[in-house]
Amino acid sequence: MNRAEAVPRTTERKPHLPALDGLRGVAILGVLAFHTGHLPGGFLGVDLFFTLSGYLITDLLLREVGATGAVSLGAFWGRRIRRLLPALVTMLAGVTLLVWAAGPPDLVRTTLDDGPWVQLNLLNWHLLAESAGYWDRFGSQRVFEHLWSIAVEEQFYLLWPPVLLVVARFAKRPETWVAVVAATASVGSLALMVTLAGAGDPSRVYTGTDTRAFSLLLGALVATGPVRAVLARTAVRWAGAVTASLMAGIGILWSLADGTTSPWLFTGGLFAHSLAAALLIGLCAQTPRTGVTSALAWPALRWCGLLSYSLYLWHWPVFVLLSPERTGLGGLPRTLAVLAVSLGLATLSKYLVEDPIRFRARWARGRSGVLAFTAVTAGLAVLWVVLPAPAPVVVDITGL
């Protein structure tokens with residue numbers, strides 16, 4: 001057996017890893033703290049989400065390659081649609097109708113303008129085309145701006161599985177070649193970020209798919225056999241110390257980073273953070289009984305992680321709509337109000353929408369699932385067309 005493949009990859013269903021749920025919890029709490037103004041580096045929680053996604057998706061696909069010698073793209077994309085679309089559609093439709101009925105004209109216009117790009121999973125490029133900067137703390141007139149990261153992940157889900165399919169079909173050692181592709185592409189993505197990063201607004205390199213791909217690809221790299229073999233050897237003696245050091249390093253980066261005053265982020269800092277996150281994820285998967293993994297498995301943190309997708313979807317529209325002007329609240333009282341409403345909506349979304357369709361709805365699979373997807377997609381597209389946008393403000397300059 002090739003030493004790069006020394007850690008056997010069972011084709012059975014992988015046991016659930018509570019520590020990875022806890023890492024999702026850390027990620028969403030960081031994002032919430034950032035958006036409510038309590039942690040300048042909390043935006044790095046998005047990078048942690050990216051790296052987790054790259055690891056989990058690649059591990060899943062490589063298990064399929066090990067079992068069947070191929071990747072079923074239709075089955076993979078079907079699972080992703082059942083996992084992500086129901087909660088997203090619920091939030092998009094609900095927030096759009098609420099904003100259209102009660103929001104100010106500017107907010108209605110940007111909501112109806114952004115919605116189709118969210119549906120097409122191209123919002124990050126749409127926002128860049130409109131010069132909508134990320135680092136202005138998400139100007140208050142866009143309720144869907146946070147979904148740029150969902151667009152990046154969806155683009156990865158669309159492009160990465162075919163790469164693995166090609167590798168599985170033509171390579172004798174697919175895991176080794178996936179590692180080579182992931183490592184090479186991640187370095188290329190970093191080089192592009194460094195090349196395009198300038199002294200101005202760094203939104204282009206932060207939200208562009210090409211310049212952020214390394215976060216996902218480093219997670220993918222750690223899921224491959226060669227890296228798993230190295231981590232397995234590390235885990236024998238130093239897992240506790242290494243995981244603690246990685247967690248501490250990530251925490252330090254979160255406390256120091258600020259998107260507008262930390263240019264080092266875009267010349268290697270984000271890459272270093274993603275690499276540390278990827279190694280931490282890989283070690284947590286290899287050694288589930290270290291102090292760090294035990295802490296990450298804390299039930300409250302795991303619950304936040306299990307709720308993280310819906311919580312991410314809902315928290316920013318709630319933050320925009322519960323503005324100080326509308327609520328009369330500011331500071332900590334407003335933060336608590338935003339968190340309470342977001343948690344409530346996310347909980348309803350998970351237990352009434354996400355989980356039933358993902359795990360129990362037979363109609364969401366097979367031919368009926370395709371029909372349901374087509375109907376929902378068409379209905380959402382109609383929504384953007386039939387809701388009239390307010391007329392743009394006209395400034396009379398004849399008297400000037």
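On a 1 Å grid over the protein atoms alone, a cavity is a set of points where a 1.4 Å probe fits but cannot get out, and lining residues have an atom within 4 Å of a point. The model here is predicted, so local features need pLDDT of at least 70 and side-chain atom pairs pLDDT 80 or more, while totals for chains, interfaces and linings use all residues. Residues are numbered from 1 along each chain as its sequence is written, and side-chain values use heavy atoms, without hydrogens and water.

Let's start inside. The second largest cavity is lined by Leu88, Trp117, Val118, Asn121, Leu122, Leu123, Leu147, Ile150 and Ala151. Two or more of these residues come from each of α4 (105–119) and α6 (148–170); helices are DSSP runs (H or I, at least four residues), numbered from the N terminus.

Now to the charged pairs. The structure holds ten salt bridges (a side-chain nitrogen of Lys or Arg within 4 Å of a carboxyl oxygen of Asp or Glu).

Glu354 in helix α16 (residues 331–360) and Arg83 in helix α3 (residues 73–102) are 271 residues apart, and both are buried (under 20% relative accessible area; exposed is over 50%, partly exposed in between, with a 1.4 Å probe and protein chains only). Glu130 counts as partly exposed because its relative accessibility is 38%, whereas Arg142, at 12%, counts as buried. Lys350 and Asp355 are both buried.

Note on methods
On a 1 Å grid over the protein atoms alone, a cavity is a set of points where a 1.4 Å probe fits but cannot get out, and a pocket is an open set with protein on both sides within 12 Å along at least five of seven lines; lining residues have an atom within 4 Å of a point.
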